Every structure is written in C-alpha cells, then in structure tokens.
There are 2 protein chains.
Amino acid sequence: MLEKTTRMNYLYDFYQSLLTPKQRSYMSLYYLDDYSLGEIAEEYEVSRQAVYDNIKRTEAMLEEYEEKLLLFQKFQKRQQFIKRLKELALKKYANDQELLETIEALEKLE
Amino acid sequence: MLEKTTRMNYLYDFYQSLLTPKQRSYMSLYYLDDYSLGEIAEEYEVSRQAVYDNIKRTEAMLEEYEEKLLLFQKFQKRQQFIKRLKELALKKYANDQELLETIEALEKLE
C-alpha cells in the first residue's frame, strides 16, 4: 500500500462507515489501492473531474467528522500511553507474561 | 443526575457533537437534567408530542451512529482491559507509582 497521506488513511479508517458506497469505493481505490483519478474515472465510466470532486468532498467530510468526534486525535493519545506502559513493563517486568499480554491486547483493540 | 437509561446517556455522550442544537437541548434536559417531557415542552413553548417525537428520533439516530461507529462498544472493551491491567498492577506492583499513574492516565483519557 502506497500512502498518499497517512492522515487521510486514518480518517477514512475511522469514519468510512458514515460514507456512501460510492464515496467508499472511490476513497478506497484512491487511498488504499493507489489508483490514479484517471484510472478510477475509467473504471466507473465517469469524468476524471467527477471523481476528483467526489474525493475532495469526501475528504472535507472526513475532516468535519474528525473536528466533531476527534476519533483520530483520541486514538493517538491512547496509543502514546499504551506505548509508555509497554516500555515500562518491558523494562521492569519483562518476565510478566500476563501483564505484557494484557497491554498488547489493549493495543490491538484499536 | 438521575439516569433514565445508562446506555442512552453514553450514546449521547459519544455522539452529541453530531446532533443539532435543538436535539442537544432536549436530550440534555431529558436525560441529564431529568426534566419531564411536559417541562421541556413548557420551556420551549411547543407541544409535549413535539418534544417526544424529537427525542425518539434523536434516540434512533444515536443508535444508528452506534451501529456504524461502535464507539460505546469499543469504549467498554477498552475499559475491561484497563480494569484488568489496574488489578494486575495493584496486586503485584502496588508500589510502582509510575506504572499505576500511567494506567490511570489511560483510564481517564476516555
């Protein structure tokens, strides 16, 4: 996966369930599968401009959702604390499997 | 705070930023401040039925958002693991302030 922008990938990941099927298709091809606008246009038999407009509108929607719900921001903060916990546990209690596994389970929940 | 339903309180907490100001006002008076439908109707000079319909629609919207984004469900799972971590830490490493504080900071992030 070539990442056009990491932020947009995360926002898409958090909010894709709020998008329409067409928005999801375009975004997924563009951001996850690294299709060009032209390739998506060909695939869906629409103009390159139509694809571009749809993706730009969707990006703006994702930013609006993030402004309201802050899921990406909160995720990043939790990950910081989980990382710190993991470092502490590995440094001091490296033999405590139960502790380490619980921290890792928490990390993977996201 | 009298809790009419705990679930609706949580859903309101997670998704209130996606509601209109009027929806927020009614929900907040009804669920957080424990106003009756009649009291809200009087406050806003509308019929009791109008308040009821608005609140029922809002509740359905909140459930739809939860179906899509699962914020409450994911929150509950994280809290389970954080609780288990805290119990482990208190049982085995009760003197490790740094560890306990990091777990508590994570708990409070929510």
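This is a predicted model: local features need pLDDT of at least 70, side-chain atom pairs count only at pLDDT 80 or more; totals for chains, interfaces and linings use all residues.
**Entry 1**

Next I checked the length of helix H2 (residues 21–32) of chain A. At 1.5 Å a residue, its 12 residues should span 16 Å, and the end C-alpha atoms are 15 Å apart, which agrees.

Then I asked myself which residues of H2(A) are buried. I found A:Gln23, A:Tyr26, A:Met27, A:Leu29, A:Tyr30 and A:Tyr31. These buried residues pack against helix H1 (6–15), helix H3 (37–44) and helix H4 (48–69) of chain A.

**Entry 2: aromatic rings**

How many aromatic pairs are there over all chains? I noted a count of 19.

I looked at A:Tyr10 and A:Phe75: the ring centres are 5.6 Å apart and the planes stand at 40°, so I wrote the pair down as tilted. A:Tyr10 lies in helix H1 of chain A and A:Phe75 in helix H5 (residues 71–92) of chain A, so the pair ties together parts 65 residues apart in sequence. A:Tyr10 is partly exposed, with a relative accessible area of 32%, whereas A:Phe75 counts as buried at 13% relative accessibility.

A:Tyr26 is buried at 3% relative accessibility, while A:Tyr44 is partly exposed at 35%.

Last, I returned to A:Tyr10 and found that it forms one aromatic cluster with A:Phe14, A:Tyr15, A:Tyr65, A:Phe72 and A:Phe75.

How values were computed: Residues are numbered from 1 along each chain as its sequence is written. Chains are lettered from A and ligands numbered from 1 in the order in which they are written. Side-chain values use heavy atoms; hydrogens and water are left out. Helices (H or I, at least four residues) and strands (E, at least two) are DSSP runs, numbered from the N terminus. The expected span of a helix is 1.5 Å times one less than its number of residues. Buried means under 20% relative accessible area, exposed over 50%, partly exposed in between (1.4 Å probe, protein chains only). Contact means heavy atoms within 4.5 Å. Rings of Phe, Tyr and Trp (its six-membered ring) pair if their centres lie within 6.5 Å; planes under 30 degrees apart count as stacked, over 60 as edge-to-face and the rest as tilted.
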